[in-house]
Amino acid sequence: MPNLKEIQQTLEQVQQSQLLKFWDELNEEQQKKFLQQLSSIKLEEVNDLFQKAQASLTEDVQKLDNRMNPIPPEQFGSEKNVSSQVLEDYRSVGLEAVANSEVAVLLLAGGQGTRLGVEYPKGMYSVGLPSGKTLFQIQAERIRRVVALAKQHTGETGKICWYIMTSGPTNQTTEKYLKKNNYFGLNDQDVKLFQQGLLPCYDFEGKILLDEKDSVAQAPDGNGGIYRALEKSGVLEDMRRRGIKYVHVHSVDNILTKVADPIFVGYCIKKEADCGAKVVSKAGPTEAVGVVCQVDGRFQVVEYSEITEVTANLRDECGNLVFSAGNICNHFFTTDFLNRVVTEFERELKLHVAKKKISYVNSSGDRVKPTKSNGIKIEKFVFDVFQFANKFVTWEVPRTNEFSALKNADSVGKDCPSTAHRDLLNLHKKYIEKAGGKVICDEVEISPLLSYAGENLEHKVNGKVFDTKTVIYSDEELLNNGISNGTNNW
């Protein structure tokens, strides 16, 4: 059990003694629990953290226009600007890495579906596809299909380990859900859950707030908490033990994500990059999406709020936006780079700070729910390590093929279930028609186990007309589900 006297001394040193104000009112079990929580917090860092947070609040109001430059052409690749042969070359390199079990997928899945109107992990959400598949199922099945494509390409059966970063509120539910569904066909030994960390919440004077008399107010440390969590959870060591060299990191809420995309992975490998970002061209100058660019010669993501309207509207001689590389939280890292970040740079990560209404216990012992902002929450972002890369590259892909975010309820009308549903089925329609079929119904879905990116469809769709709600399944699914005609119609 943690030592009370040592924690008291540390709290005094960091001027956070107020946290033990109600110690004598706690029973033995509460005291034990509270000591464990306090000992898990790096108390020596708390004042430094708050000072950095304050500095960050000041910096955020400064515009970055005069310090920005677009991505140099030699570090910017685009799917639309390269030949089919070059794409196939990248794809081949990526599939070989998969076949050699050198590629892992790391899913950022710590968010609950609160904005969607549900209280369970966002990965368990279904956007109402004909198959009823959830985000987790779609992404797991894409992993299985990539492994199958790699075997088809090389003759070797590789493995992709699926690392899933959860949070305190989502971890147990996610684990139960995946186990109940037999990990959607993945080997349970190749699915590893780990939790992102928590950071204390502060008042505006730098004092850590109590959530209860026996509990510090904490909040998830953002998707940038991945780096500390990788080390603390032993995931980096697991990657080393498995011989994993490359990691595809992406958020759970993009229904079009090409999980372990062999073209993206192959591009980064060919460019000898240790860090890469997949981007889409901004829909317009005012789209509120961060852009990947250089600031003072170092790569980073600049939010729309950090630049003036003039800079957002800058165009080149061809009429294209100068700052157009929209960040979609889709990244490539080598494991060597992740190790360097963890050992050398994690504490240098920028803090992103928000003033929030934070429930707390006041000096009288009463729990207060404030009606206006009374403190700050701190988080880190996954992309803030770009600046530490020895070789950073970007890869631009068509938005209609690879990016449809799921963040809001349908009432918002944007980045919501109905738009995710529409965008995925529009993409599937395009695949079917390219393979010789005709789609005259908006509800035709292709199983990820059948086709990853439009391949392997001709024998299922060529010459056929799809005029009713349909799922086009893989042979494996047909066998398991007892379906005889290759599709399931309603």
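Gln-15 sits in the loop that runs between helix H1 (4-13) and helix H2 (28-40), in what is a predicted model. This residue counts as exposed because its relative accessibility is 54%, above the cut-off of over 50%. Between the C-alpha atoms of Gln-15 and Lys-151, which stand 136 residues apart along the chain, the separation is 59 Å.

**Overall fold and dimensions**

- The secondary structure of the chain amounts to 15 helices and 25 strands, and its C-alpha trace spans about 75 × 55 × 45 Å along the principal axes.
- The radius of gyration of the chain is 24 Å, which agrees with the value near 23 Å that a compact globule of 490 residues would have.
- Of the contacts in the chain with a separation of 6 or more, 74% are accounted for by residues 24 or more positions apart.

- Of the 490 residues in the chain, 55% are buried.
- The chain exposes about 22500 Å², and carbon and sulfur atoms supply 44% of that area.

**Nonpolar cores**

- In soluble globular proteins, nonpolar side chains tend to be buried together.
- The largest nonpolar core of this model has 46 residues, and those with the most contacts inside it are Phe-136, Ile-160, Trp-162, Leu-178 and Trp-395.
- At least two residues of this core are supplied by each of helix H4 (84-99), strand S3 (103-108), helix H5 (135-154), strand S4 (161-166), helix H6 (171-180), helix H9 (262-270), strand S15 (325-334) and strand S20 (392-396), with H5 giving the most, at 7 residues.
- Leaving aside residues up to four places away in sequence, Trp-395 touches Gly-77, Ser-78, Glu-79, Val-82, Leu-87 and Tyr-90, together with Ile-263, Phe-264, Tyr-267, Ala-277, Lys-278 and Val-279.

**Asn-171 in helix H6**

- Asn-171 lies in helix H6 and counts as buried because its relative accessibility is 14%, below the cut-off of under 20%.
- When residues up to four places away in sequence are not counted, Asn-171 touches Thr-166, Leu-193 and Gln-195.

Definitions and conventions: Residues numbered from 1 in each chain as written. Predicted model: local features only at pLDDT ≥ 70, side-chain atom pairs only at ≥ 80, totals over all residues. Heavy atoms only, no water. Core = buried A, V, L, I, M, F, W, Y, C linked by side-chain atoms within 4.5 Å. Buried < 20%, exposed > 50% of the residue type's maximum accessible area, 1.4 Å probe, protein only. Helix = DSSP H or I, 4+ residues; strand = E, 2+ residues; numbered from the N terminus. Contact = heavy atoms within 4.5 Å. Rg over C-alpha atoms; globule rule 2.2 N^0.38 Å. Areas by Shrake-Rupley, 256 points an atom, 1.4 Å probe, with all protein chains shown as cover.
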